[in-house]
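Hi,

Here's the structure I said I'd pass on.

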Amino acid sequence: MPAVLGVAYGIYASFIARDAGPVTGWNVGFGVICAVIVAALCFLLGRTQRAMIPLVRAAAYGALFGVALGFLHSLSENSILSSVVVGGALGAGMTVAAFYVFYTHEQ
């Protein structure tokens, strides 16, 4: 699953960075770097999640989700403030949803 998420994120990041121009080596390299970073972070979070209490686990998932989507938002030439607000709002929503799932399904 982390590999699939990483590949999807990398393709989308390189697509946004391309900005309707031709595909270049820089775009492909940027997408590969983004894919590797996101896949590695997802893998690490998945491997360490059992050691965390549900609140910390939900906050970690929310932070990863918010930062990743805030970065994608910043690639589309929006302001830093706008990217922080969008990433923060989406991260907070993911934190709440993840906490609900983790808290109700804990054994």
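For what follows, buried means under 20% relative accessible area, exposed over 50%, and partly exposed in between (1.4 Å probe, protein chains only). Residues are numbered from 1 along each chain as its sequence is written. Bear in mind that this is a predicted model, where local features need pLDDT of at least 70, side-chain atom pairs count only at pLDDT 80 or more, and totals for chains, interfaces and linings use all residues, while side-chain values use heavy atoms, with hydrogens and water left out.

The overall picture first: the protein has four helices and zero strands (DSSP runs numbered from the N terminus: H or I of at least four residues for helices, E of at least two for strands). Of its 107 residues, 28% are buried.

Now H1, residues 2-18. Its buried residues are Gly-6, Tyr-9, Gly-10, Ala-13, Ser-14 and Ile-16. Looking down the axis of H1, these fall within an arc of 160°, so they line one face of the helix (the arc is taken from the directions from the helix axis to the C-beta atoms). Their cover includes helix H2 (25-48) and helix H3 (54-75). On the face turned away from the buried side sit the exposed residues Val-4, Ile-11 and Phe-15.

One more spot to check is Ser-83, in helix H4 (residues 80-104). Ser-83 is buried, at 6% relative accessible area. Neighbours within four places in sequence aside, Ser-83 is in contact (heavy atoms within 4.5 Å) with Gly-70, His-73, Ser-74 and Asn-78.

Cheers

Conventions: The expected span of a helix is 1.5 Å times one less than its number of residues.
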